[in-house]
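Please load the model in your viewer and keep the selection panel at hand. The stops below go from one selection to the next, with the cut-offs given where each term comes up.

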Amino acid sequence: MGKRSAKGWLYLLPAILFLGFFLVYPLVDVFVYSFEESYNFASQTYAGVGTFNYSYILRDPYFLQAIKNTFILVIITVPVSTGLALVISLALNSIERLRRLFQTVYFLPYVTNTLAVGLVFMILFQRTPYTDGFVNLMLSWFGAGPVDFIDGPYAAKMFVLCLYTVWIVLPFKILILTSALASVSKDYYNAARIDNTPPFRVFRKITLPMISPSIVYLVITGFIGAFKAYSDAVALFGTNLNAAGMNTIVGYVYDMLYGSSGGYPSYASAAAIVLFVIVLTITVINLLVSRKHVHYNS
Amino acid sequence: MKVSVRDLTKIFPARGRKKGEDVVAAGHVSFEIEDGELIGLLGPSGCGKSTILNLLCGLLQPTEGRIFFGEEDVTDLPAEQRGVGMVFQNYALYPHLTVMQNIMFPLQNFKGDRKLSREEIKKRTDEAARLVQIDGLMDRKPAELSGGQQQRVAIARALVKMPRILLMDEPLSNLDARLRLQTREEIRRIQRETGITTVFVTHDQDEAMSISDRIIVMQSGVVNQIGKPQEVYDSPANLFVAKFLGNPQINTFRGAVRGGEVYVGGDCILPADGIPDGEVIVGVRPEGLIPAPDGALGCRLRGVEVMGRDISVLAEHDASEAATVRSIVSAENIAMLGGGTVRFDIKPGKAFVFAADTGLRLDGRRADG
Ligand SMILES: Nc1ncnc2c1ncn2[C@@H]1O[C@H](COP(=O)(O)OP(=O)(O)OP(=O)(O)O)[C@@H](O)[C@H]1O
Ligand SMILES: [Mg+2]
């Protein structure tokens, strides 16, 4: 090792130490905990080493429910929010007047606090002794009976959670896609126009490939974000998510650590590792699939 | 396809609420292009060349005036239906598609009874590729091609659909000098082979002169002169055209017409048939100044410059608009140069007289243009 590279390492040292302490060490530690049976924080002791934690959580109905909820949330919200954001961005891109205004309006939810938004959703959807909520009021105009979205059937609760999640992630996606669309050179559209290209073909053969890197970025971060969902569910259904049947994987991890039934770091670690493996797998699949279809400008 | 442009005007309104100046990018432009002709649209940057081209292809709508393809009035026809081929200044090749996919793109848009079979598309794509000699590069992406190759792909894409007319916006401006020479010959060859009426925009007078059947010289949105390159060179309609064509540039002198003679400084250099007395600008092409012991125009000698086969005699004159007066001569005339002054004979047909105020040509020699 030359003098130069020694100097280089020296410069890197603070960053490496920082990342090591706060990123790598906890990761490894969680991995280790997940194989230690009945680990106890206070006494720093454990009963044995093995896969017991995994077999426990995989048989825990709360965990299975959390996995089911998370997967439904991911599978519905990622395509819906990305598709919706694309449609809105295309519309924004095609108007001249008031574009700035609409862009601002669409971006507002992004700078709004999650819990505040949750409160608004509660007002819209929750039934109280005094009112059925705003959405039920509208439903009644069409002759549909009142539905309890917060405390009622699973499908109704899932619907609200998905709607809420889509609404929360939409602005960021619109922001990314409108700037991606705006950066596609007008020359390509002029060339396509002169060659009498039908609008849908322009979209499929020019627009979509040109913005495909942004779409892939949004899908991957969307998957990761949705898998890590937690605060959205809390905002809507309160902290006792297991009881509401609306827990997510991250929610389960949290409950295992600190919840009313908490104090089980081993189970929490195992659940966290399961989540990690799921997210890693999905991301790798995403990257492999996209590599074939994405055009990166080099 | 014959193209007629009548009284075409394009005005870009001033921006914003402030009452600024409207931009007249094209003002009452009229010209006719014969079937199969290659027309060079020539002028300095910002004179409205691209604007004219975009009006022809329909990407811009004129403020006034009409455009005809043959007998058909296409002024209100959208760009999609004009059936023109266009080579953009930066080529605008689709970067994610291969060369082959780029070239066949326009063919795949054909609908109804023009719709082509798969084999037909393949055949015509191959033909176009062979015409521009890129048939060996069909599977590459545009980023993997040189500038000249990209340009040929752009031409193939514009030609493949057999356009009624072909428009090229400074297609050679991104190429280096040698490739530019080579490619302009290529464009000439392809245009001859296909016989497609072509408008070629450039700000390079050499380029326009060398490949065009006729050139249109523009300045600030207005057509100054239309004609065969040699005719325009030999008989410029005004001072701007005289200065814009020719390399090295024409020599210009402040002069005056007195009693049927043209004077520069104290020297009487030309007869002034029928030009009224007054201030004029005299333009003399460098090859029109011939050193001679008893020549009409006397200048102070500055030096001699040898560039390849050309020999330039550099001189100064108080009435000259430029700092240097340049004469291009053959080697044998050089020997007789000596001393502080040099006298030049003025070759007839290489000297023009322009009005000092309007720049319009005054001597009667100019052909119709
Ligand atoms: N969209 C527009 N809005 C306002 N003015 C414009 C617009 N497009 C062009 N112009 C103006 O019209 C004039 C002619 O522009 P044009 O692009 O036709 O020039 P050009 O001859 O092609 O120049 P170059 O050789 O630099 O390409 C210029 O003064 C330009 O500033
Ligand atoms: Mg231009």
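Start with the largest nonpolar core, which has 57 residues; select Ile206(A), Ile211(A), Phe31(B), Ile52(B), Leu56(B), Tyr94(B) and Leu167(B), the members with the most contacts inside it. A nonpolar core is here a set of buried Ala, Val, Leu, Ile, Met, Phe, Trp, Tyr and Cys residues joined through side-chain atoms within 4.5 Å, where buried means under 20% relative accessible area, exposed over 50% and partly exposed in between, with a 1.4 Å probe and protein chains only. In soluble globular proteins, nonpolar side chains tend to be buried together.

Two remarks on conventions belong here. This is a predicted model, in which local features need pLDDT of at least 70 and side-chain atom pairs count only at pLDDT 80 or more, while totals for chains, interfaces and linings use all residues. Residues are numbered from 1 along each chain as its sequence is written, chains are lettered from A and ligands numbered from 1 in the order in which they are written, and side-chain values use heavy atoms, with hydrogens and water left out.

Next, centre the view on Ile206(A). Leaving aside neighbours within four places in sequence, Ile206(A) is in contact (heavy atoms within 4.5 Å) with Tyr188(A), Tyr189(A), Ala192(A) and Arg201(A), and also with Tyr94(B), His96(B) and Phe105(B). A second, separate core of 36 residues can then be picked out through Leu93(B), Ile103(B), Met104(B) and Val132(B), which it includes.

The largest pocket has a volume of about 500 Å³ and is lined by 16 residues; select Asn93(A), Ser94(A), Leu181(A), Lys186(A) and Tyr189(A), which lie nearest its centre. On a 1 Å grid over the protein atoms alone, a pocket is an open set of points with protein on both sides within 12 Å along at least five of seven lines, a cavity is a set where a 1.4 Å probe fits but cannot get out, and lining residues have an atom within 4 Å of a point. Grid points are joined across faces, edges and corners, and a volume is the space filled by probe spheres set on the points. Helix 9 of chain A gives the largest share of this pocket's lining, four residues; helices (H or I, at least four residues) and strands (E, at least two) are DSSP runs numbered from the N terminus.

Which residues line the largest cavity? Select Ala191(A), Ile194(A), Asp195(A), Met86(B), Phe88(B), Ala154(B), Arg157(B) and Ala158(B), around a volume of about 50 Å³. Helix 4 of chain B gives the most to this lining, with three residues.

Move on to Leu166(B), in strand 7 (residues 165-169) of chain B, which counts as buried because its relative accessibility is 3%. Its C-alpha atom is separated by 7.9 Å from that of Val87(B), 79 residues apart along the chain. Not counting residues up to four places away in sequence, Leu166(B) touches Ala158(B), Leu159(B) and Ile196(B), among others.

The last stop is Thr75(B), in the loop between strand 5 (72-73) and strand 6 (85-87) of chain B. Thr75(B) counts as buried at 1% relative accessibility, and, with residues up to four places away in sequence not counted, it touches Gln61(B), Pro62(B), Gly65(B), Arg66(B), Ile67(B) and Arg82(B).
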